[in-house]
Amino acid sequence: MATPKETVQALYDAFGRGDAETALGLLHGSVNWNEAENGPLAGGNPYIGPQAVGGGIFAPLARDLADFQVTPQEFVTEDGNVVAFGRYTGTHRETGHALDAQFVHRWTVKDGKITAFQQYTDTAQWTRVYGS
């Protein structure tokens, strides 16, 4: 079985390839997913289950942001918890505004599946990029 860090890295890799099916397959059936408070996609918090994450997070990001990348740069792990530090980049298709925001992601992994996610990021920049 993959380590928690390997599971999280596999999700980032799948997302980077545009392989939402594999990324969503790494989520537990009742995953609890939370976007950063006041972010443009936080209105559905918490997103419960892969279908909610796919429709409420992955689909809007693919629709709204061209060349969107989620690039983890460092990981800290303890037991089933993985914290990733990295950057988001991309360009909003409607506003033309560029995104280059740092993030911290906290993942909880149990038995090879992601059971929880919490995002921390520069929500003011996301709001500007989305033109809100």
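Modeller: A cavity, in the sense used here, is a set of grid points where a 1.4 Å probe fits but cannot get out. Bear in mind that this is a predicted model. With that definition, the structure holds one cavity of 30 Å³ or more.

Colleague: What is the volume of the largest cavity, and which residues lie nearest its centre?

Modeller: The volume of the largest cavity comes to about 220 Å³. Its lining is made up of 20 residues, and those nearest the centre are Trp33, Ile57, Leu61, Tyr88 and His105. By class, the lining residues divide into 14 nonpolar, five polar and one charged.

Colleague: Which helices and strands each supply at least two residues of that lining?

Modeller: They are helix 1 (4-16), helix 3 (50-64), strand 5 (98-110) and strand 6 (113-121), and helix 1 gives the most, with four residues.

Colleague: How should I read the largest pocket, and how much space lies in it?

Modeller: A pocket differs from a cavity in being an open set of points with protein on both sides. In this model the largest pocket holds about 200 Å³ of space, and its lining includes Phe15, Asp19, Phe58, Leu61, Phe68 and Gln69. Helix 1, helix 3 and strand 3 (65-78) each supply at least two of the lining residues, with the largest share, four residues, coming from helix 3. Seven residues of this lining are nonpolar, three polar and one charged.

Colleague: Which members of the largest nonpolar core touch the most other members?

Modeller: A nonpolar core joins buried residues of the listed nonpolar kinds through side-chain atoms within 4.5 Å. The largest one here has 33 residues, and Trp33, Val53, Trp107 and Trp126 touch the most other members. Strand 5 gives the most to this core, with five residues.

Colleague: How many aromatic pairs does a search of the whole structure find?

Modeller: The search finds 14 aromatic pairs. One of them joins Phe15 and Phe68 in an edge-to-face arrangement, 6.0 Å centre to centre and with 85° between the planes. This pair links distant parts of the chain, with Phe15 in helix 1 and Phe68 in strand 3, 53 residues apart. Phe15 counts as partly exposed because its relative accessibility is 22%, whereas Phe68, at 12%, is buried. Ring pairs also link a cluster whose members include Phe15, Trp33, Phe68, Tyr88, Trp107 and Trp126.

Colleague: Is Gly80 buried or exposed, and what is it in contact with beyond its sequence neighbours?

Modeller: Buried means under 20% relative accessible area, so Gly80, with 18%, is buried. Gly80 lies in the loop between strand 3 and strand 4 (81-92), and, leaving aside residues within four places in sequence, it is in contact with Pro4, Trp107, Thr108 and Val109. Pro4, found in helix 1, has contacts with Asp79, Gly80, Val82 and Val109 under the corresponding exclusion of neighbours within four places. Pro4 is partly exposed, with 24% relative accessibility, and its C-alpha atom is separated by 7.1 Å from that of Asn81, 77 residues apart along the chain.

Terms used
Residues are numbered from 1 along each chain as its sequence is written. This is a predicted model: local features need pLDDT of at least 70, side-chain atom pairs count only at pLDDT 80 or more; totals for chains, interfaces and linings use all residues. Side-chain values use heavy atoms; hydrogens and water are left out. On a 1 Å grid over the protein atoms alone, a cavity is a set of points where a 1.4 Å probe fits but cannot get out, and a pocket is an open set with protein on both sides within 12 Å along at least five of seven lines; lining residues have an atom within 4 Å of a point. Grid points are joined across faces, edges and corners, and a volume is the space filled by probe spheres set on the points. Ala, Val, Leu, Ile, Met, Phe, Trp, Tyr, Cys and Pro count as nonpolar, Asp, Glu, Lys and Arg as charged, and the others, Gly among them, as polar. Buried means under 20% relative accessible area, exposed over 50%, partly exposed in between (1.4 Å probe, protein chains only). Rings of Phe, Tyr and Trp (its six-membered ring) pair if their centres lie within 6.5 Å; planes under 30 degrees apart count as stacked, over 60 as edge-to-face and the rest as tilted. Contact means heavy atoms within 4.5 Å.
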